[in-house]
Amino acid sequence: MALLEIKKAGDPILKTVCAPVDKIDKRLRKLLDNMAETMYASDGVGIAAPQVGETIRAVVIDVDKKNRYDLINPVITHREGSVIDSEGCLSCPELFGDVERAEKVRVEYISRFGKKKILDADGLLARCIQHELDHLEGQLFIDIAKNITKGKKNSEA
Ligand code: CO
């Protein structure tokens, strides 16, 4: 595995609407593994492919360092409730801000082995899914956050 360079806010690649993944193969699984390693090395809880320069619809999430999710072509098919909480992002170092998100989401996606999956999530996992899927649309949390501050906190995605 290898650490990848994380693109920072201001890089036009982060503003790109990403293309669907059309081939699930070894190369894609290697990219997902490298994304995961890069995320863990940066103490992140999620990472989206455009953050490492690949404009495809793939994200890796692990909010408890126990359950890693590789989501390919993810689509949120249900949203419920609303909650405002602080967020950060590996592409926006040391910036934090309050973002309103759905409290619960259902996401449908393809697994790293090409299987159709459904995941119902709440709490930090639901927030992280929404944050990472925004990356696939070329949107950063700082585009929608309120009360943005500079400082240190422990969950960046
Ligand atoms: Co992010």
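Reader: Leaving aside neighbours within four places in sequence, which residues is G151 in contact with?

Author: Contact here means heavy atoms within 4.5 Å. By that rule, G151 is in contact with E94 and F96 once neighbours within four places in sequence are set aside. Keep in mind that this is a predicted model, where local features need pLDDT of at least 70, side-chain atom pairs count only at pLDDT 80 or more, and totals for chains, interfaces and linings use all residues. Residues are numbered from 1 along each chain as its sequence is written, and side-chain values use heavy atoms, with hydrogens and water left out.

Reader: How many residues apart in sequence are G151 and F96, and how many Å apart in space?

Author: They are 55 residues apart in sequence, with 7.2 Å from C-alpha to C-alpha.

Reader: Where does G151 lie relative to β8?

Author: Strands are DSSP runs of E, at least two residues, and helices are runs of H or I, at least four, all numbered from the N terminus. G151 lies in the segment after β8, which covers 146–150. The chain has two helices and eight strands, in the order α-β-β-β-β-β-β-β-α-β.
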